[in-house]
Every structure is written in C-alpha cells, then in structure tokens.
Amino acid sequence: MELKQLQYFMAICEELHFSRAAEKMGVSAPNISQQIRRLEEELGVLLFDRVGKTIVLTDAGAILREHGAAVFRHLQQAGDAIADLKQMQGGSLSIGVLPGDADLMFNAMLLNFHQTYPTISLSLLETTKVTEQVLDRSIDVGVTIGPVIDERLTTIPLFHEEFSLAVSMHDPIATESFIPLSKLQTLKMVMFPPDHQCRKLIDHFCMDSGFALQPHMVTTTLSSLLQMVQSGVGACVLPRLLLDNLDNPEIKVVHLRNPTPSQDICLIYRSDRYVGYAMRTFIKTLRAYIETAIHHAKSS
C-alpha cells in the first residue's frame, strides 16, 4: 500500500465521488480509479460498493478509513513536532477566552509570559464559541467554563472560581464579612452589560434566588467598574480571585453566601494535536500563575 493510494482513498471517502475526489487531488478520474483498483487487488477486498454514480463504503472500506485517518493524524503530529524542534523553542499559539476574561484573568499573565518567553508569539481572542473554535482548529487552546465533555478534546481543570462583592471601604456594608446573595437586590450596583459572561453568571444565580438585578450603572471595562466601586458609586460582583489579588486598600471584598455564585474553569485543546513547546510552556505558565494567585489570596 502506497501513501498516495491512501490519500486518494481518503479523498474519495470525503467526497463519495470519484471525479470530485480526483479534482480535489489534482489528478484525472481514470488515474484515481486505477489506483483504487490496485489497492483493492492488493488487499483482496472491495473498498467501495458502486451503484450507478453513487458509491458507499464497504465494511472493509470503513476499517481502512478509520486507520487511514489515524495514519494522517500521526503524520501531521510528526510534522508539527519537527517544525517545533526547528523553531528552537519558539513558535506561536492562539488562545480563545470568553468575552471579558482577557481583562479578568490574562492581561498581567500575558505581559509576564512575553517577558519570560520572548520567542513565543501569543494571540488572544475573545469569543463566545471557545469549544467550537478549538474543534474546528481556528484556535489552538481554549479557556472556558467546565465541564467540557467531548472525546475529541483534552480537558485540564484549572480552578473553581467563586464570586464576591466589591464595595468601597467607606460603604456601610464594608463592615460585613459576608452577606446573603439576596441582599444584592437592595444595593446600588455597577455591573458589566447583560451579554458579558460574568454578568450572565450573576444574573443566573440571582434569578434562581427569585430576583433580577437592576444595576445603577453598566460599563464594559473592568477598570471603570473598579474605579466606580472605589469612588462609592456602587458595588460590583466580580471573581474573588481577582478581587483578592487587587491589593487595593480602598476596596473591601465581602463574600456572598446562600448561594455563592461560582463556576469551574478549564483549559481545552484537541486530543489529536501535537502539544509543542509553545503550548506546553503556556499551560505550565498559566497553571503556575493561577496557583500563585490562589496562594496570594489565601495569605492576604
């Protein structure tokens, strides 16, 4: 069996049409038909049932398609590994995150990453379709809400994210260590807009508790939210890990209970892709960054 024959066979499997497969491969239809006949003769089985102009895979053809796909996956991984080696510990990586998470989680980490690994190029994309874009290979790695259950994906749990209330140190509620979630409906709130992932989560927990938030002010940026909280314009619900690492003496963190809004954050990538230097380094750095942030939050 020649590799070219296997390529022709896989093209026909995709098109289920000899002429279209031949056009895709840049050869004539008689040529591709002849190569498949030779392959069938060598294997001693029919790979396709031909009914007029329609073709379908035989059982033997289905087996060869499965193993053929594995062969080309391994070849792609080998090519990726060699390219990774040739780049001498460089490379590029595209990362998909949910809208708003770049501000909430990644900005400081990416700056440190670039300073430590200047030969690796990173691109960060905010998208509501993290999983879909990892699957269609338009991004390499995704950071999203778990659990993500798909046999085509490798999932790495990162952390369990809880949300707390940020208030000005001069707000009367700053004397409290925690409040029930239902208390939010009596407070003047400043929040992200309704389509922001963080806001969606808070709205979901509030609705489950029987009320809807009516924010006093809405803004799309984290910096403006924190400025309004610090100035006493209103309170805001944000990830506790972010708030505990702010080190802002003008903002008090008040925990939310009954219930505590929370979600699981995980990293995903295609299980069939080669994990090169750039991806390995990014994953290691991200996990270390999160562990450091958690440790700092607990010790502060």
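Axes, as the word is used in these legends, are lines fitted to C-alpha atoms, for helices over the stretch in contact, and the angles between N-to-C directions run from 0 to 180 degrees. All views show a predicted model.

**View 1. Helix H1 crosses helix H3 in the predicted model, with the two axes coming within 9 Å**. Helix H1 comprises residues 3–15, and its axis crosses that of H3 at roughly 110°. Angles of 65 to 115 degrees count as roughly perpendicular, and H1 and H3 are therefore roughly perpendicular to each other. From H1, the residues Gln 5, Tyr 8, Phe 9 and Ile 12 meet Ile 32, Gln 35, Ile 36, Arg 38, Leu 39 and Glu 42 of H3. Sorted by class, this contact of H1 with H3 has six nonpolar, two polar and two charged residues.

**View 2. Helix H2 meets helix H3, and their axes come within 8 Å**. The axis of H2 (residues 18–25) and that of H3 (residues 29–43) cross at roughly 105°, and these two helices are therefore roughly perpendicular to each other. On the H2 side the contact is formed by Phe 18, Ser 19, Ala 21 and Ala 22, which meet Ala 29, Ile 32, Ser 33 and Ile 36 in H3. The residues of this contact of H2 with H3 divide into six nonpolar and two polar, with no charged residue among them.

**View 3. Strand S6 is joined by bridges to strand S12, to strand S10 and to strand S11**. With S12 (residues 262–270), S6 runs antiparallel and is joined by nine bridges, and within this pairing Pro 157 has Cys 266 of S12 as its bridge partner. Four bridges join S6 to S10 (residues 236–239), again in an antiparallel arrangement, while five bridges join S6 to S11, which also run antiparallel. Ala 166 takes part in two of these views of the strand, standing opposite Cys 236 in S10 and having Val 253 as its bridge partner in S11.

**View 4. The largest pocket holds about 400 Å³ of space**. Its lining consists of 17 residues, of which Arg 240, Leu 241, Asp 244, Ala 297 and Lys 298 lie nearest the centre of the pocket. The elements that give two or more residues to this lining are strand S6 (153–168), helix H9 (240–244), strand S11 (251–257) and helix H10 (277–299). By class, the lining of the largest pocket has eight nonpolar, three polar and six charged residues.

Methods: Residues are numbered from 1 along each chain as its sequence is written. This is a predicted model: local features need pLDDT of at least 70, side-chain atom pairs count only at pLDDT 80 or more; totals for chains, interfaces and linings use all residues. Side-chain values use heavy atoms; hydrogens and water are left out. Angles under 35 degrees count as roughly parallel, over 145 as roughly antiparallel, 65 to 115 as roughly perpendicular and the rest as oblique. Contact means heavy atoms within 4.5 Å. Ala, Val, Leu, Ile, Met, Phe, Trp, Tyr, Cys and Pro count as nonpolar, Asp, Glu, Lys and Arg as charged, and the others, Gly among them, as polar. On a 1 Å grid over the protein atoms alone, a cavity is a set of points where a 1.4 Å probe fits but cannot get out, and a pocket is an open set with protein on both sides within 12 Å along at least five of seven lines; lining residues have an atom within 4 Å of a point. Grid points are joined across faces, edges and corners, and a volume is the space filled by probe spheres set on the points. Two strands pair if DSSP finds at least two bridges between them.
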